[in-house]
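Me: I have a protein model open and need to get my bearings. Can you walk me through it?

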Amino acid sequence: CTLEALIRADCLLSNEELISICALVADYVLMIYGNLKRITRQFPLLYALKYMTDNRSFNASLRGLQVMGTGANELAPSLYLFTDTQRYLFNCCENTMKFCIEHKLRLPKLKNVFVTQLCWEKTGGHCGFLMTQRDIGVNGTVLHGPPGTEDFVTTCKRMLGRERVDCLASTESIYKDENITIQGIEVTAESVLDKLPSGGTDEPLAKRLRILKQSNYVMAYLCTFADVPGKFNPSQAKGLGLKPGPLYAQLKNGKIVVAPSGKEIHPSDVLGPPVEGPRFLILDCPSVSYLQSLTTNSVFSACGCVSLVVHITPWEVLNTQRYCEFASSFGPDCHHLLLHGSVCPPEISFRDAFKIQYPLNVLDPNTHHLPSLSKAPSLVLEAPFDTAVVGKCLMKFDFSNKTMGWKNDSVLPALTPEEIKRPLRGLVTANNQSVIEYIKEVKEKMVQSLEKPLLTTENTVNDCCSEQVISDGDDIKITFLGTGSAVSTKYRNVTGILLQFPSGEGMLLDCGEGSVSQIYRCFGHRKAEEVIMNLKCAFISHMHADHHTGLCRVITLREKLLSKHFNETEHLTVIGPEKLQIWLASYSSCEKLRFNFVDSAFLTEGNPADKLYPALTSLGLSHCLTVPVVHMVQSYGVCLSHHSGHKIVYSGDARPSVELAEAGKNASLLIHEATFENSLKADAVIKKHSTTEEALEVGEQMNAKFVILTHFSQRYPKITTDQVELTCHGRNTAVAFDCMSVRLGDLKKLPRQLPFIRDIFTAIDVVS
């Protein structure tokens, strides 16, 4: 009914967009009903549209390449290629699915992913991509990449469960379908490893050498679009005895048809000469050690006319004479696109979150931070890069013959204070008041309220400085990198918590996908690098993907930054279940990871930190106690005791736990999951999570001085009525939001802000 109304209305969609929408729905209905006759009877319009899409002519105008990640915009360099019938992805980094959802890039037609380098920076979003594809019913995804891709896919299946994913690995040099031919070209680094023996019969040595050699491979891709069919000549078709109709469409699509006279009609009989399809190159040259292999490869010199070359190349390589000469060899008419964090201007890609973050920042800018951008790199580019385009998020290159070139209509505007307000601009409340002005008005009311004592339900004065609230002490700082569950959405990233201790060093409590980009978002580029280098430990509560798929990126980036700035590395200490160690060891067959591992089961007796690793001692921790909790196999909460006397307890994902309450007795802070609202307790029991009320009851049993709720179902992007009601009656409780950062000594202000946060979000919901 919606589609019929859409077609009959004077809608703004083009015919092509309308047909594509209808075709998608028709395919979905066909998948559900399975019976074509039933669809014909119940959905005649859909069947007609399905027939139209199956017999429509080749559309060469829908050929384009769109920038997703630049390396400076919360995604590693990555590209989205679209054609008439298929979509393709080049590199699948962390945050890829979140990006596709926010910016409405279509996923059902995406089955082929090509990676330029087998490292977590370029592949870290593949597990999330597979889960999303499975959920929308897309099977048979193929990951194309350099040697070792099979090992990576095996690792993904091991983590997600082999029965839950349908993914193949391919290291074939040629991929071809009806739209495009993609040739993979191996590029290797000059290395002493190439001169080493294979390891012979020494299997452990042979495996280590194989891993080291695989890490030296990158893939370049030469992409050639299919030839555009020649122009259809209806007069010739008519002369051959054909009438306008379906046979015309089949001939346009390159199919042989039979005329009413019985004669076979070939497409060449009615079509003009085809137009050669355009080509483009994607080059990944991580360092100067790859230049020899790249610049001497005969494929590049023989590839002919190239319309576009994408350079996933750092500044120190771009600036070399040898690379400039190589790029110049593609001719003066070739377009060049530069994609790398050292070249591209910093950007914030995820802007819908400002609908939540901007009001919170107005209420309390010291707790709820807005992202800050560092200055764009100031570079002087030599020919041919003096006319090159520096990558920006969502910019497109159109490969259609008539309009070939850049289309910047989708590029995100500069991040100004006004742009941050954009999701709320133009919205008014029920009283016809600007939402932005209403937020400022609520801020004034909150400031006035905080100057008065808070009355509890017993009408006793509670100035939030009673003995039940911790006093200002050590500046242990808690930053919530992600507060959602399962998958990242526009408003909440998956779980991640950063603890920063007075020594300046830090610890992660869980590390979901996108945790690194959230650190950059919270702290800005320069400060974020310091935060990552100062990480000493990461605690992973259990093996669900939303709690640990950001860890590999943390380990590798931290090591890279330490090597760059200090020419030395100190391994990150990882505390987690035994299965995590097995998974990390499995992934190490693709990319070498260096870390010190402590099994959570070893810490269930509360071993003193100084008997474990110096990393925990340097954080000022005297004890680290893990507590088994009810969720999945090998799930743990953790109690961290600081030498100052403060105790911080984190539940991980769990049903209410008496053991955790006992272990965390008199804690300064309990961070507890509250996945479901109280009315969904049955769901919480089935899925082994906690409701809001259950989480607060654990805090009462623990006699915790303060409770922060986190890990909310993604159905709650803001706050629920339960959370406000249960935290507005003298309880020292707060609700976590992404990029919320607070010291232990400042926790007391959070509960009194909640009613005002509720008022603002209620107004936004009314007008949204």
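This is a predicted model: local features need pLDDT of at least 70, side-chain atom pairs count only at pLDDT 80 or more; totals for chains, interfaces and linings use all residues.

Me: How much of the chain is buried?
Reply: Of its 768 residues, 55% count as buried. The accessible surface of the protein chain is about 32,800 Å², and carbon and sulfur atoms account for 52% of that.

Me: And the contacts, what share join residues at least 24 apart?
Reply: 68%, counting contacts between residues at least 6 apart in sequence.

Me: Ok, sheets. What is the strand order in the open sheet of six strands?
Reply: The order is β26-β27-β28-β29-β30-β31, and the pairing is mixed.

Me: Which strands stand at the edges there?
Reply: β26 (621-628) and β31 (733-735). Each has a single partner strand, so one side of each lacks a neighbour in the sheet. On average, neighbouring strands of this sheet are turned by 15° against each other, direction ignored.

Me: Let me zoom in on β28. Are its faces covered or open?
Reply: Both faces of β28 (residues 647-650) are covered. K647 and V649 are buried on one side, and I648 and Y650 are buried on the other.

Me: How does β28 pair with β27?
Reply: In the antiparallel sense, over four bridges, with β27 covering residues 636-642. C639 stands opposite V649 of β28. The two strands form a hairpin with four residues between them, and G645 in that turn has a positive phi of about 105°.

Me: And β29, parallel or antiparallel to β28?
Reply: β29 (residues 669-673) runs parallel to β28, and three bridges join them. I648 is opposite L669 in β29. To get from β28 to β29 the chain passes through helix α24 (residues 658-663), and this β-α-β crossover is right-handed.

Me: How many bridges link β30 and β31?
Reply: Three, in the parallel sense, with β30 spanning residues 707-710. V707 stands opposite T733 in β31.

Me: Which strands does helix α26 touch?
Reply: Helix α26 (residues 692-702) packs on this sheet and touches β28, β29, β30 and β31. Its direction makes about 155° with that of β29.

Me: Switching topic. What is the order in the open sheet of eight strands?
Reply: β6-β5-β4-β3-β2-β1-β16-β17, again with mixed pairing. The edge strands, β6 (167-170) and β17 (405-407), each pair on one side only. From one strand to the next the twist averages 25°.

Me: How do β4 and β5 run, parallel or antiparallel?
Reply: Strand β4 (residues 110-114) and strand β5 (residues 141-144) run parallel, joined by three bridges. The bridge partner of V113 in β5 is L143.

Me: Where does helix α8 lie?
Reply: Helix α8 (residues 149-160) lies across β5 and β6, and runs at about 165° to β6.

Me: Last one. How do the axes of α16 and α18 cross?
Reply: The axes of α16 (residues 354-363) and α18 (residues 435-450) come within 9 Å and cross at roughly 35°. The crossing is right-handed.

Me: Which residues make that contact?
Reply: From α16, Y358, P359, V362 and L363. From α18, I436, I439, K440, V442, K443 and M446.

Terms used:
Residues are numbered from 1 along each chain as its sequence is written. Side-chain values use heavy atoms; hydrogens and water are left out. Buried means under 20% relative accessible area, exposed over 50%, partly exposed in between (1.4 Å probe, protein chains only). Contact means heavy atoms within 4.5 Å. Accessible areas come from the Shrake-Rupley method with a 1.4 Å probe; for residues, only the protein chains shown count as cover. Two strands pair if DSSP finds at least two bridges between them. A crossover is right-handed if, with the strands pointing away from the viewer, the path from the first strand over the helix to the second runs clockwise. Axes are lines fitted to C-alpha atoms, for helices over the stretch in contact, and angles run from 0 to 180 degrees between N-to-C directions. A crossing is left-handed if the near helix is turned anticlockwise from the far one by less than a right angle, and right-handed if clockwise.
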